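Morning, everyone. Please have the sequence and the 3D view open while I talk.

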Amino acid sequence: MKFKPSYIEPVLAWRNVWKNKRRTVLTLLTVTVGCAMLITFHALNKGGHDQMIEDAIEANTGHIQIHARGYWDARSIDYSFKPDERITSALKKIPGVYAFSERVIAGALLSNKNATAGAMIQAVDPLIEKKVSTLHGKVLKGGRYLNADDSTSIVLGETLAKNLDVKTGDTVTMLSQGFDGSIAAENLQVVGIFRSGNPEYDQGLALTPISLAKESFTMMDHISSIVIRLEDSDYTDRVREHLLKTVGKNELEIMGWRELMPELVQFIDMDDMGGYIFDIILFMVIAFGILNNIQMSVFERIREFGVMLAIGTRPGQVTTMVILEAMMIAFLGTVLGIILGSASSYYFILNPLNYSEYAKEFEIWGISTVIWPAKLTYMNIILTSVLTFVLSVGFSVFPARHAAKLKPIEAIRHL
Amino acid sequence: MEIIKINNLEKSYNTNGLAVRAIRNMDLTIKKGEFTAIAGPSGSGKTTLLNIIGGLDNPSGGTIMVGNDDLSKMTARELSDMRLRNIGFIFQAYNLIPVLTAIENVEYILLLQGISRDERRRRAAEMLREVGLEKEINRRPKELSGGQQQRVAVARAIVSRPEISRRRTWTRRQAPTSLTSCTSLTKKTASPSSSRRTTPW
């Protein structure tokens, strides 16, 4: 006899789901809350990490830097290069490039009276640099950032100023070596002090106008780096490829932010690893919640399954019914989880987590980001909900098969 | 026509290492339309025999032919289909599907048999009327009394017009009036003049 396709399994499954309301609601809560937590935590992680990267890129590093080959390892003024027309005209043409700034960078000794400290002098064009770095916004009250017409001005990191015991308006002496090997010495006036939150910058970075540095360090039109800020971090690889094709990779090194900030990338990878472990635990909680519900409801209904099988229900139909029960709970739970998770993620988008109290701990990692907004992606929602659903349904196969394999006479006698 | 033909049936159980021979060398033939009662003291193997005829239990030896099917040679799925087509069950305890209403319980088998919606409804309602439950068709089992549940089970067993309806001691639970009505109903369905079915009792 041929069976017509029947809707009886879904009907039975749906009614069975609501037969024990309290248990179903508890299981739904497990799936919903678990799924929502996963979505929210992923959103917070993604948002926090993206913010860290953005902050680090914006602060001073930029998305891409161009140096003479060997500069990044040595960080010495000896590795300087002459920016030729090809690079600057290419940078002006490549779509996605927001701004680029030329820098001269040199190690120097800064002295004030008896105090001396080593520092990295970063010489910049004040107007252009403002488009590439946010340090100009971090200058403390009472001071100012470099102006276009400054000649012998310097802006110091907060810790560096403290170590040198200088205030805005004081004078420091800079001593260094020029590109040609000559001595570079200059008396500079402190016009401002910045606090970036990144200990590396606050302790050892000093900003001066590039016009002064070109003379003091006898740069002969050479520079240390071109720092490029893009409209979006996602363009990094594309623009880098483009630059590599234009200028070739022989004399110059063209580095993306991942290479420029390996510690940060490593920190994020490590943080993600912890997140994955958390994910696995949550997924297991959800899956065992469903398994428990289905298993219990199968044990309770052994007689019922016995009758169904005895009067001619096929074992496959029983399996289908039990799996459908799990699918219904998992589907409802996942949908509610998406709604709840998106809502709570949205809350954290509007009200970012504030970690200012832990700023000191974060500094150890060189991270100055203390405001973590959430970032909700479709990828997050799709991946989380699909995994939740598949795992939940997957775990119901065992009790479903158990129900179908029951022997009718034994099952009917079961109490 | 012989609808049940049993030759040399053997059934032994092994409970706690003790072999119990429930059925020994049994031969039985039942013709279509016959109304058969099986009587015997408890433990004499009545239930075992009915379970084997119903395809719910395997014989240890011998052959059972139900219609043209040799039960000992059928797979679990074939047995399942055979039960659906040929056998109406009424169990000792009330065994309805708790999430289905009275009429849905009766319809269930017709649904599995692939009978159209309208005919299902009509036949199930008619059968419930015959067992005196026309007012309770939309109640779920837990809203019915024990006797009412059992009458739904009777309706479910015979609604599909099975070749054999197999019932066990269910009348004990019935009020005297329903006992008469169910018995006559079963006899009616079993009588050659209706649709020639067999009812081992």
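Leaving aside its neighbours within four places in sequence, which residues is Phe278(A) in contact with? Before the answer, some ground rules. This is a predicted model, where local features need pLDDT of at least 70, side-chain atom pairs count only at pLDDT 80 or more, and totals for chains, interfaces and linings use all residues. Residues are numbered from 1 along each chain as its sequence is written, chains are lettered from A and ligands numbered from 1 in the order in which they are written, and side-chain values use heavy atoms, with hydrogens and water left out.

Now the answer. With those neighbours set aside, Phe278(A) is in contact with Met37(A) and Phe41(A); contact means heavy atoms within 4.5 Å. Phe278(A) and Phe41(A) are 237 residues apart along the chain, and their C-alpha atoms are separated by 9.5 Å. Phe278(A) sits in helix H11 of chain A, residues 262-300. Helices (H or I, at least four residues) and strands (E, at least two) are DSSP runs, numbered from the N terminus. With a relative accessible area of 31%, Phe278(A) is partly exposed. On this scale, buried means under 20% relative accessible area, exposed means over 50%, and partly exposed lies in between, with a 1.4 Å probe and protein chains only.

Phe278(A) also belongs to a nonpolar patch on the surface, together with Val25(A), Leu26(A), Leu29(A), Val33(A), Met37(A), Phe41(A) and Leu340(A). Patches are made of residues with over 30% relative accessible area and no salt bridge; like charges are joined within 9 Å, and nonpolar side chains (Val, Leu, Ile, Met, Phe, Trp, Tyr) within 5 Å. The patch has about 650 Å² of accessible area, and such areas come from the Shrake-Rupley method with a 1.4 Å probe, where for residues only the protein chains shown count as cover. Helix H2 of chain A, residues 21-61, gives the largest share of the patch, 6 residues. Val25(A) is found in helix H2, and at 40% relative accessibility Val25(A) counts as partly exposed.

Ser225(A) is buried, with a relative accessible area of 1%. Its contacts, leaving aside neighbours within four places in sequence, include Ile66(A), Phe81(A) and Arg103(A).

Next, charges. Side chains of opposite charge can pair when their charged atoms come close. The rule used for a salt bridge is a side-chain nitrogen of Lys or Arg within 4 Å of a carboxyl oxygen of Asp or Glu. How many salt bridges does a search of the whole structure find? Over all chains, the search finds 20.

One of them joins Arg195(A) and Glu158(A), with the closest N and O atoms 2.9 Å apart. This pair links distant parts of the chain, 37 residues apart: Arg195(A) is in the loop between strand E6 (183-194) and helix H7 (199-204), and Glu158(A) is in helix H6 (residues 158-164). Are the two partners buried or exposed? Arg195(A) is partly exposed at 46%, whereas Glu158(A) is buried at 19%.

In chain B, Lys73(B) forms a salt bridge with Asp70(B), the closest N and O atoms being 3.6 Å apart. Here Lys73(B) is exposed at 68%, and Asp70(B) is buried at 16%.

On to chain B as a whole. Chain B has 6 helices and 8 strands. Of its 201 residues, 51% count as buried. Chain B exposes about 9,300 Å², and carbon and sulfur atoms supply 48% of that.

Last, the interface between the chains. The size of an interface is often given as the accessible area lost when the parts come together. Buried area here is the accessible area (1.4 Å probe) that two parts lose on being put together, summed over both. Between chain B and chain A that comes to about 2,600 Å², with 62% from carbon and sulfur atoms. In chain B, Val99(B), Tyr108(B) and Leu112(B) lose the most area to chain A, together 21% of what that side buries. The contact takes 31 residues from chain B and 26 residues from chain A. Across this interface the rule finds 2 salt bridges. Arg15(A) forms a salt bridge with Glu104(B), with the closest N and O atoms 2.4 Å apart.
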